[in-house]
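This briefing is meant for a reader who is meeting the structure for the first time. Please look over the sequence and the model below before going through the points that follow.

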Amino acid sequence: MAEEEPCDSNIERPAGHRCVKYTSKPGQESVDTSIASGVHLLQKVRKLAGPLHLQNGEMMKAKEVHSLAIPLQIPRQVGRKRSAFAEGLRNILDNRLVIILALPAILLVFALAYIPMFGIAVAFEDYKAATGFLSQWVGLRNFELLLTSPVLGRLVRNTIFLNTLFITAGTVFGVGMALLLNEIGNRIFRRVTQSIMFLPFFMSWAIVSLLVSAFLDYYSGVVSMASRNLGFEPISFYEEPAVWPFVFVILRIWRDTGSGSILYLAVLASIDPQLYEAAAIDGASRLQRMRLISLPLLVPTIILLTLLAIGRIFYGDFGMIYTVISNNAAVYETTDIIETYIIRAIQSTTNFGISIAVGLTQSVLGFICVFGSNWIVKKWSQRRGEDYSLF
Amino acid sequence: MVVSSFTPQKVLQVDGYSLWPRALTTEAYVWALRGTQVLTGYQVTIAVTFLGTFLSVAIMSGAAYALSNKRFKFRNPLGFYFYFTMLFGGGLIPWYITCRMLGLYDNIWALIVPSLVNPWWIFVIRNYFNSLPIEVLESARIDGASDLQILTRVVLPLSTPVLATAALFVAVGYWNDWWLGTILLDFAPFRPLPVLILRIMNSTRAINEAMLAKGAGITIDMSQIPTLSVRMATAVITIGPIILLYPFVQRYFIKGLTLGAIKG
């Protein structure tokens, strides 16, 4: 057994800890082993085939070092074995400061995300503000109301239709823009273009809706003015349901093309330039290189992002739609989505029962869709030897 | 928009928007800033953005530290606790009822507290913490540093890139937020700027519609309606700081977008 020596570093150690000096070969410089480096000692011993050579000329078997190092590392575990529960409790107590650091977030998430989950119960209740989540139980009445009202079809249809348009337009323009940016040789020009395209992403929808009204307002809008100058009767956009899906798609393209192209650009940047050089030598034109090299290599990313977007198809873009349309009943036919309907119910406290039922329906369908799409992504990407799923 | 905010109201009414107006004036700004609403709105927005961003990043990095701490055995269950809220939620109405029950209604905290914690950013920050060399943290621990000291003196200073990115996105979120102000403020005497813009716009549109429906017969006190150029001035005030700061911080923006796009 090794001779115990006083530790020569000036780290303060709890009473009962032993220090040992060792080398792996005779004559080598010795290492002071203490509580902290007990772990390292253990790791070294595991790698060693032969015994340790101690400073005082003795040899030490790996087993002996083990018995030495473990008590040095975690003195508490010496003695009787604790139950898993006691271990867990011990760990929580040891890390109480860590838990206190995380506590604000834990409490906030509990209050604002988990309590509302219990609030789902209101979908089966006759909600009254005074009784809150514990209002009178009415079973499925809210859902019966929902199924008999014409509103459900409209909400689901609009939500899914608009989202389908957004996904399609977003993918086409994101990929297109990435392909074009990728062809730009001038770095500075490319960076500036990118920055300008990202900017709308950081604008408040409130500002955007103001800009939209500056374009489409019946009296003073740019479009109205132009058509008056050209001798047409201007269109009253805010009373015309048919135009809004187009307006929304244009807005989404304007806002999201920059940020949407960024992932595609990252993929394109990782393509081996030799591919392009070889194709160029073989006489492929720029367009052919884009179509036959860049695009096929983007396909996995396109599929992945589209699948993930489809997972969220029940969650409408209420930021844009609510701010731009607001409570303009004239165009609900094409613009009213699940979220805007619920917001109106909150603000006017009419149709509360129906909107609570709509909300729960959306939560459940949305959950299934997110989970389903993620499952498909997982299966699909695992077959390719990768994992792109979110969870 | 910028141009029309400097254009006199009369020119706007006659000529509509143009890139080169016939006359320039700062009248609209003077009017907008003299009115208490816009000025209070600006103060509210600034206060909410600074307070909210600071608290949010502090709280989220605390949680991220717990999730990255190898000594803490329950970090994975805790991770799932945060993660589950990204998958499933109670929906808008229970959330709204909860906010009101907690007193997050008609006061400034209603604009701050609901968006303090975003699980997504917690995981982004945790991933960065995980990439820090563990030896540095361990040696700090051996030197007698507590977890709080390790976090504030070692981890946070080493993580400025990710913290800056997160702070920037959170700040933009608070600055642009119209949602909490719309839904959780009813009788409060203050409104953040984006909510003000929306309200002004909706009331003007309602008046326009009324005029369209009833013809010119009805009389409306036009002085009560903020003019077009005032609306534009308010919008310029709101968007100004973002546009001005954008060139300097845009690399963080781009980094944040890339982080947001890949697996956490």
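**Domains of chain A**

In this predicted model, the C-alpha centres of domain 2 of chain A and domain 3 of chain A are 32 Å apart. Where these two domains touch, domain 2 of chain A contributes 5 residues and domain 3 of chain A contributes 5 residues.

**Chain A**

- On the side of domain 2 of chain A that touches domain 3 of chain A, 4 residues are nonpolar and 1 is charged, while no polar residues are found there.
- The domain assignment divides chain A into domain 1, covering 20-77, domain 2, covering 96-139, and domain 3, covering 150-383.
- Chain A contains 16 helices together with 6 strands, and 29% of its 391 residues count as buried.
- Taking the contacts in chain A with a separation of 6 or more, 59% are accounted for by residues 24 or more positions apart.

**Chain B**

- Chain B has 14 helices and 0 strands, so that reading along the sequence gives the pattern α-α-α-α-α-α-α-α-α-α-α-α-α-α.
- Of the 264 residues in chain B, 43% are buried, and among its contacts between residues at least 6 apart in sequence, 71% join residues at least 24 apart.

**Contact between the chains**

- The contact between chain A and chain B draws on 66 residues from chain A and 65 residues from chain B.
- On the chain B side, at least two residues each are supplied by α4 (36-68), α5 (75-87), α6 (92-101), α10 (147-158), α11 (160-176), α13 (193-214) and α14 (228-261).
- The largest share of that side of chain B comes from α14(B), which provides 13 residues.
- Sorted by class, the side of chain B that touches chain A is made up of 44 nonpolar, 15 polar and 6 charged residues.

**Confidence of the prediction**

- For the complex, the predictor gives an ipTM of 0.81 and a pTM of 0.74.
- Chain B has a mean pLDDT of 78, with 73% of its residues reaching 70 or more.
- In residues 220-224 of chain B the pLDDT is below 50, and this stretch has 1 contact in the model beyond near neighbours in sequence.

How values were computed
Residues numbered from 1 in each chain as written. Chains lettered and ligands numbered in written order. Predicted model: local features only at pLDDT ≥ 70, side-chain atom pairs only at ≥ 80, totals over all residues. pLDDT = per-residue confidence, 0-100. Contact = placed C-beta atoms within 7 Å. Helix = DSSP H or I, 4+ residues; strand = E, 2+ residues; numbered from the N terminus. Buried ≥ 20, exposed ≤ 12 C-beta atoms within 10 Å, placed from the backbone. Nonpolar A, V, L, I, M, F, W, Y, C, P; charged D, E, K, R; others polar. Domains from an automatic or database assignment.
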